[in-house]
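Me: Could you walk me through a few residues here, and say what your terms mean as you go?

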Amino acid sequence: MGKTGVDSSQQGRFVGPFNYKLGDIINIHGDIQGSKKIYSVAYNHFLGVLRNESIFAVCGDRFAGIYQSFPDGSLKALMEFRDCEDNFYTCTWSINQRGESMLLFGGSLSTIHCHTLGGELCEVIYSNQEGAINELKVATRWPHLLFSASRNTTVHLINIHTQAV
């Protein structure tokens, strides 16, 4: 074993093939009220290599979803969130205070939603931004700090643990 806890013969080696198509995700979702647009994809890097899980999220017109991919090319839907009014443009991953992965996503209605991996509840953590949310980014060193860029050219820094702006 190397310093990373991974067998040295496996370090730096691509384990695959991973031949997934975003069309496969559309097939999982089905035709969502005529929408087949996907705007953002985010890989959950907080799970780490040692857990040997490949979890990612996508968001599109009226949906956000969390999926698990497998080496045989199959996908499993873990969570789907649908909203008939909001178009979700961006998504990113962070971790909560208990160390659980959570998906953050937002879009045209200027709200940021949060869903904990394995949880059942999707909650709004921030809704005071003007203009559609075009981008969400989490600080690498401090995953509780979320940057949100909106259509009106403002950037907000939000502490997702305290919801302070």
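Reply: Gladly, and burial comes up throughout: buried means under 20% relative accessible area, exposed over 50%, and partly exposed in between, with a 1.4 Å probe and protein chains only as cover. This is a predicted model, in which local features need pLDDT of at least 70, side-chain atom pairs count only at pLDDT 80 or more, and totals for chains, interfaces and linings use all residues. Residues are numbered from 1 along each chain as its sequence is written, and side-chain values use heavy atoms, without hydrogens and water.

Me: OK, Thr153 then: buried or exposed?

Reply: Thr153 is exposed, because its relative accessible area is 75%.

Me: And where is Thr153 found?

Reply: Thr153 sits in the loop between strand S10 (145-150) and S11, where strands (E, at least two residues) and helices (H or I, at least four) are DSSP runs numbered from the N terminus.

Me: What about the phi of Thr153?

Reply: Thr153 has a phi of about 65°, which is positive although the residue is not a glycine.

Me: Switching to Ser110, what is its phi near?

Reply: For Ser110, phi is near 65°, again a positive value in a residue other than glycine.

Me: Which loop holds Ser110, and is Ser110 buried or exposed?

Reply: Ser110 belongs to the loop between strand S6 (101-107) and S7, and Ser110 counts as buried because its relative accessibility is 9%.

Me: Last one: which strand has Leu157, and how does its accessible area come out?

Reply: Leu157 is part of strand S11, residues 155-159, and with a relative accessible area of 41% Leu157 is partly exposed.
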